[in-house]
Amino acid sequence: MAAFTVAAFRTAVVVVLRQRITSSILQLAKKRQLISAQRAVFTSAFIRRAADNSKHSAESSSQQSNEPESESSQSHSSYADQSGEHSEDYETEEQLQLRILTSALEFVPSHGWSVEAIAEGAETLGLSTAAAGMFNNGAGDLVLHFVSQCNSKLSEHLEEQHKLVQLGQADKKKTDEFLRDALQVRLKMLIPYIEKWPQAMGILLLPQNIPESLKYLTSMVDDIWFYAGDKSTDINWYTRRAMLAGIYNTSELVMVQDSSPDFQDTWAFLQNRIQDAMKVAHTAKQAKSTGEAVAQGLMGAAVTLKNIAGFGHHR
């Protein structure tokens, strides 16, 4: 009878939880629809205002000087014509957002990964600080933009190095050396923001940011292995990328706590982890241990960030 009572109680709890979760999801969906509609109006107004500012600026410049306006000084934005088609220099909402986020990076060292930094970036572009309201994810959008930007720079660097090797202007590196150098290049991109990076790592671990964060991480390690010449199509394809992702994450954690000159301890740690990985045979046993290592690394990141992201002091 007691067992039946406990089972019935658990069932009732599950039913209640399901009802509350369903209700919460519906409320969130309605809220997001409202926010999306408001955001669309808000963004349209900002783009139009930016266009007005650029247009007035161009007209003033034209009146002061009778010389024709050069292509480089033309407005980045314009209205749609009567047919509804935009001119070639029309700036979309996404392009405007990217410009604001890129400009905001300048203020991260002083304001952190925050809405305040985004507002300062918008003001630098001649927009109102209220433009920060264009970003629903706030600081998350700023961090993810930076990660995406860094990945693009790394990909360009790897492609340039690959072309030099193909042209015979550079020697092909050994796999372990190539992996080490690629991760080091990527990690060095964090140095200008290292004091604030623990905060960024914490933001990337928020539930709403995890999917995008993992997408950028897997994309980065996939690019590195591609240019390293990896052509595997079996289980090794997955284990190699999981291994490299784990090494990057743990090296990142070491880096934010590294007080050695020029991050020497971080580079030594990275070198050792790459060498260890290269010594491990690509077997089913490795696949299991690698998966466990990555999982432990992510758990370790969460625990470590609890101590250093916003609560501790770097250096």
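This is a predicted model: local features need pLDDT of at least 70, side-chain atom pairs count only at pLDDT 80 or more; totals for chains, interfaces and linings use all residues.
Residues are numbered from 1 along each chain as its sequence is written. Local features need pLDDT of at least 70 and side-chain atom pairs pLDDT 80 or more, while totals for chains, interfaces and linings use all residues; side-chain values use heavy atoms, without hydrogens or water.

**Stop 1: helix 2.** Select residues 93-104. Helices here are DSSP runs (H or I, at least four residues), numbered from the N terminus. Helix 2 has twelve residues and reaches 16 Å from first C-alpha to last, close to the 16 Å expected at 1.5 Å a residue. That expected span is 1.5 Å times one less than the number of residues. Now pick Leu-96, Gln-97, Ile-100, Leu-101, Ser-103 and Ala-104, which are buried. Buried means under 20% relative accessible area, exposed over 50%, partly exposed in between (1.4 Å probe, protein chains only).

Stop 2: The structure holds nine salt bridges. Each is a side-chain nitrogen of Lys or Arg within 4 Å of a carboxyl oxygen of Asp or Glu. Select Glu-212 and Lys-215, which meet at 3.2 Å, N to O. Both lie in helix 8 (residues 210-228), three residues apart. Glu-212 is partly exposed at 30%, and Lys-215 is partly exposed at 43%.

**Stop 3: a loop and helix 9.** Go to Asp-230 and Arg-241, a salt bridge at 2.9 Å, N to O. Asp-230 sits in the loop between helix 8 and helix 9 (235-256), and Arg-241 in helix 9, so the pair ties together parts eleven residues apart in sequence. Asp-230 is buried at 13%; Arg-241 is buried at 8%.

Methods: Helices (H or I, at least four residues) and strands (E, at least two) are DSSP runs, numbered from the N terminus.
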